Amino acid sequence: MASPRPLCRFWEWGRNIVCVGRNYAEHAREMGSSLPPQPLFFLKPSSAYVRPGAPILRPYYSQNLHHEVELGVVMGRRAQAVSQEAAMEHVAGYALCLDMTARDTQEECKKKGLPWTLAKGFGSSCPVSDFVPKEKIPDPHKLKIWLKVNGELRQEGETSMMIFSIPYLISYISEIFTLEEGDLILTGSPQGVGSVEAGDEIEAGISGVLSMRFTVAQQTRGS
């Protein structure tokens, strides 16, 4: 029976956004971080989604908003403690995503030993592209993802360089909590993350598959 909730619009009803950190070695190095022995992940609320046509808002409490381009994996079936061998059977498709990060806020949170929610979970912190059915991407580990700011190439990376593969991530996460249909996994960002300002235009893409554009705006408190 077909799902009454269309996966092609997962951002309207999907419950969980699971973000994997330090999954590209060069990005970990540029952030001065060690390589994780197991996947490092955190959550964003579903209210973090933003689609092309709406702006990315720099939070009123941040002066240093960073872009991180990532391949997103959209779950098509419930996954609870699945094996790596069976993990891809639970995938419906993919999306290009940005993990927008209030970097100054994140650094303060790290210093105080606090969670990263203020830095990673604000409204519009998860821009997403259109949904791409998995049939259109035979191997998600053979993609090039990229990001430009005002026409300047900032990030470009091959998904083959992930430290932890997509089946490994699904298996690992699903042993900790159940992944539901419509959930999204952000699989990590290649090197080249950097700051954006209000008025900047971000263009990002999966080479040969799709691209998306967003404009950055400044949030005012209370808006």
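In which sense, parallel or antiparallel, do strand E4 (residues 56-58) and strand E16 (residues 210-218) pair? The legends below answer this and describe further views of the structure, which is a predicted model.

**View 1. Strand E16 and its two partner strands, E4 and E15**. Strand E4 (residues 56-58) pairs with strand E16 (residues 210-218) in the parallel sense, and three bridges hold this pairing. Within it, isoleucine 56 has valine 216 of E16 as its bridge partner. Strand E15 (residues 201-206) is joined to E16 by six bridges, and these two strands run antiparallel. In E16, serine 211 is the residue that stands opposite glycine 205. The hairpin of E15 and E16 has three residues between the strands, and there glycine 208 takes a positive phi near 80°. As background for looking at such strands, side chains in a regular strand alternate between the two faces of the sheet.

**View 2. The whole protein chain, with five helices and 16 strands**. The radius of gyration of the chain is 16 Å, close to the 17 Å that the globule rule gives for 223 residues, so the chain is as compact as a globular protein of that length. Along its principal axes, the C-alpha trace spans about 45 × 35 × 35 Å. Of the 223 residues in the protein chain, 51% are buried.

**View 3. The salt bridge between arginine 15 and glutamate 180**. The side chains of these two residues meet at 3.6 Å, N to O. Arginine 15 lies in the segment before strand E1 (17-21), while glutamate 180 lies in the loop between helix H5 (166-176) and strand E13 (184-186), so the pair ties together parts of the chain that are 165 residues apart in sequence. Arginine 15 is exposed, because its relative accessible area of 56% is over the 50% cut-off for that class. In the model as a whole, the count of salt bridges comes to 17.

**View 4. A network of salt bridges that includes Lys44, Asp99, Arg103 and Glu68**. Lysine 44 forms a salt bridge with aspartate 99, and the closest N and O atoms are 2.8 Å apart. This pair links distant parts of the chain, with lysine 44 in strand E2 (residues 40-44) and aspartate 99 in the loop between strand E7 (91-98) and strand E8 (101-102), 55 residues apart. Both partners count as buried, because the relative accessibility of lysine 44 is 4% and that of aspartate 99 is 2%, values under the 20% cut-off. Arginine 103 forms a salt bridge with glutamate 68, and here the closest N and O atoms are 2.7 Å apart. Arginine 103 lies in helix H3 (residues 103-112) and glutamate 68 in the loop between strand E5 (65-67) and strand E6 (69-75), so this pair ties together parts that are 35 residues apart in sequence. Arginine 103 is buried, with a relative accessible area of 5%, and glutamate 68 is buried as well, with 4%. Salt bridges that share partners join Lys44, Glu68, Asp99, Arg103 and Lys120 into one network.

**View 5. A nonpolar patch on the surface, formed by Tyr60, Tyr61 and Leu118**. Together these residues have about 270 Å² of accessible area. Leucine 118 has its place in helix H4 (residues 117-120). With a relative accessible area of 49%, leucine 118 is partly exposed.

**View 6. Arginine 22 and serine 124, which have positive phi values and are residues other than glycine**. For arginine 22, phi is near 55°, and this residue lies in the loop between E1 and helix H1 (25-30). Arginine 22 is partly exposed, with a relative accessible area of 25%. For serine 124, phi is near 75°, and the residue lies in the loop between H4 and strand E9 (126-127). Serine 124 counts as buried, at 6% relative accessibility.

Methods: Residues numbered from 1 in each chain as written. Predicted model: local features only at pLDDT ≥ 70, side-chain atom pairs only at ≥ 80, totals over all residues. Heavy atoms only, no water. Patch = residues over 30% accessible without salt bridge, like charges linked within 9 Å, V, L, I, M, F, W, Y side chains within 5 Å. Areas by Shrake-Rupley, 256 points an atom, 1.4 Å probe, with all protein chains shown as cover. Salt bridge = Lys/Arg side-chain N within 4 Å of Asp/Glu carboxyl O. Helix = DSSP H or I, 4+ residues; strand = E, 2+ residues; numbered from the N terminus. Buried < 20%, exposed > 50% of the residue type's maximum accessible area, 1.4 Å probe, protein only. Pairing = 2+ DSSP bridges. Rg over C-alpha atoms; globule rule 2.2 N^0.38 Å.
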